Structures are given as C-alpha cells and as structure tokens.
Amino acid sequence: MAYLTYIGRFPDPDRIGSRNIPLVSLSWPTNVFWKSPLQLLESLFGLRKADQARPKVSNEEVAASRVLKLTAASYYSRCRYEEAVDVYRRARVKNPADVDLLMGLAWALCHAMRFEDAEQAFSEALRNSPENVAAFHGLATVFGLRGEVDRELFCYQRILQIDPTDAFTNFVMGNTYTQMGEYAKAVTAYRRALFSYPNHTLILCSKASALMKLHRYDDAGADFRAVLQLKPDHRRALAGLAELERAYAA
C-alpha cells in the first residue's frame, strides 16, 4: 500500500504520513514560492514538460486551456474530483499536447477512485515522456491502492533508476516493504532516504520501528534517541523508547 502525501519533499517532518487515507504525492520544488500563480499550480502537480515536439496550438486555444486548467485545479483543491476531471478533459480538447493537463487529469481520476482510467492517463504521460517521475508515482499510487504491490514496487524501482537519491521514493518504498513484513529491505530503503535528509524525524522513526521488528534493539534505540535530540518531546520516539524498555525487560 502506498503512503502518499501532499508534502512530497519533506518540508514538515512531523506531518508526513500522519493521515490514514491515501493522498496524492505532489513533488514540491524548492523554488516553489518564486513562481507565478499558474506556474505554482503546475509545480504542485510535480509536472514535467515532454521533450518531444508538440503539435502547434493557436494562442487562443492555449489561453483557453490555461483558464480551464486553473478552474480544474480549483475544483481539485476543493476535493471536487469529478468536476476537475470534466474540466481537465475540456482543456485537453483545446490543447491535447499539454502534459500538465494530462497529469492533472490523471491525478483527479485517481482521487475519484477511477483507477483504470487513471492508470491509462499516467501510462499515456509516460509514453510521451518516459522519465516522468510524477507519472511513475501516479502509477505506483494506483497499483498500491489496488493492492498490486509488485507493480507498485516496480514503479518505485524505475524512479530510483532515474534518480537514485530520490528521498521521497525511498521513504514510501520503505513503507511498502514494512507493510509487506520485509523489514530488512525497509531499513535499507529508509537508510537511503536518510542520505538526503539525515535529521528527518519521520524517516528516523520509521527506520527505528523496522529495526525493532528485526530485534536490533540497540540500533533502534540509537535512532529514537537521535530524534529526541532534535525534538525532545517527539511522541513517536518517546513511545518507541518505552517499547524498547519493555522489550529489554521481557
């Protein structure tokens, strides 16, 4: 099962993964606050332009599609996903080569629980741009929500072939391995995520919890204590150390 969040690049360690409902990953760039409103909406979807040449579209059609894109994003942000789907499709009629519109449509379909249609849209995005990391994350989302863990992991592995340092992918991959009971693989994935975010409290706690499942209590305790050095009142780390004490006493 995929762990997905609106906080894709870990700006807030103590909020990521705090919900039990699946949310869409929106790869958040570091320079997001320097963008125009339209660019901001595009960035929040983690969109990449396809490298191939696109069919020419008139300026009027481009302008109309941008207005529709903003409308669709507004519906999306208010969780009105079916309406977002309808408007994204209308926008694509105006500008069918715009990968941003296709990706927005795919995520809206995913949130509307129309997984087969979402899979087709993400797959189309990948045919247009084979290294579109956001599209792979989208497919991983669909497969995870359908319980197709092998296909979900394949998408994560494909992302890591494109960018081995992608911390978010390593993190969600670790979560998937944890749910599968593959704790050693989970520890490896969390460790890779920590290369980029060595002081990230959520990753440290997740790794510590996996280590406890492997009965590596000393290593788990070191991670929990590292979290408490960063945030002395961190509830998950405190609970982890309490559990460790019970494990040692058993």
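## Helix H8

Helix H8 of this predicted model runs over residues 167-180. At 1.5 Å a residue its 14 residues should span 20 Å, and the end C-alpha atoms are 20 Å apart, which agrees. The expected span is 1.5 Å times one less than the number of residues; helices are DSSP runs (H or I, at least four residues) numbered from the N terminus.

At the start of H8, the backbone nitrogen of Phe168 has a side-chain oxygen of Asp166 within 3.2 Å. After the helix comes Gly181, with a positive phi near 80 degrees.

Eleven of the 14 residues of H8 are buried, so the helix is largely enclosed by the rest of the structure. Buried means under 20% relative accessible area, exposed over 50%, and partly exposed in between (1.4 Å probe, protein chains only). Among the buried residues are Phe168, Phe171, Met173 and Tyr177. The buried residues of H8 pack against helices H6 (133-145), H7 (149-162), H9 (183-196) and H10 (201-213), where a contact is heavy atoms within 4.5 Å.

## Nonpolar core

The largest nonpolar core holds 67 residues, and Tyr88, Met103, Phe122 and Phe224 have the most contacts inside it. Helix H4 (residues 99-111) gives the most to this core, with ten residues. Such a core is a set of buried Ala, Val, Leu, Ile, Met, Phe, Trp, Tyr and Cys residues joined through side-chain atoms within 4.5 Å.

## Aromatic pairs

Four aromatic pairs are found in the whole structure. Rings of Phe, Tyr and Trp (its six-membered ring) pair if their centres lie within 6.5 Å; planes under 30 degrees apart count as stacked, over 60 as edge-to-face and the rest as tilted. Tyr76 and Tyr81 form an edge-to-face pair, at 5.5 Å centre to centre and 75 degrees between the planes. Both Tyr76 and Tyr81 are buried.

The ring centres of Tyr217 and Tyr248 are 5.7 Å apart with planes at 70 degrees, so this pair is edge-to-face. Tyr217 lies in helix H11 (residues 217-230) and Tyr248 in helix H12 (residues 235-249), so the pair ties together parts 31 residues apart in sequence. Tyr217 is partly exposed, with a relative accessible area of 21%.

## Confidence and conventions

The mean pLDDT (the predictor's confidence in each residue, from 0 to 100) of the protein chain is 82, and 77% of its residues reach 70 or more. Over residues 1-53 the pLDDT is below 50; beyond near neighbours in sequence, this stretch has 109 contacts in the model. Where pLDDT is low, the predicted coordinates should not be read in detail.

Local features need pLDDT of at least 70 and side-chain atom pairs count only at pLDDT 80 or more, while totals for chains, interfaces and linings use all residues. Residues are numbered from 1 along each chain as its sequence is written, and side-chain values use heavy atoms, with hydrogens and water left out.

Notes: Helices (H or I, at least four residues) and strands (E, at least two) are DSSP runs, numbered from the N terminus. A polar contact is a pair of N or O atoms within 3.5 Å; within protein, one must be able to donate a hydrogen and the other to accept it, and residues adjacent in sequence count only if both atoms are side-chain atoms.
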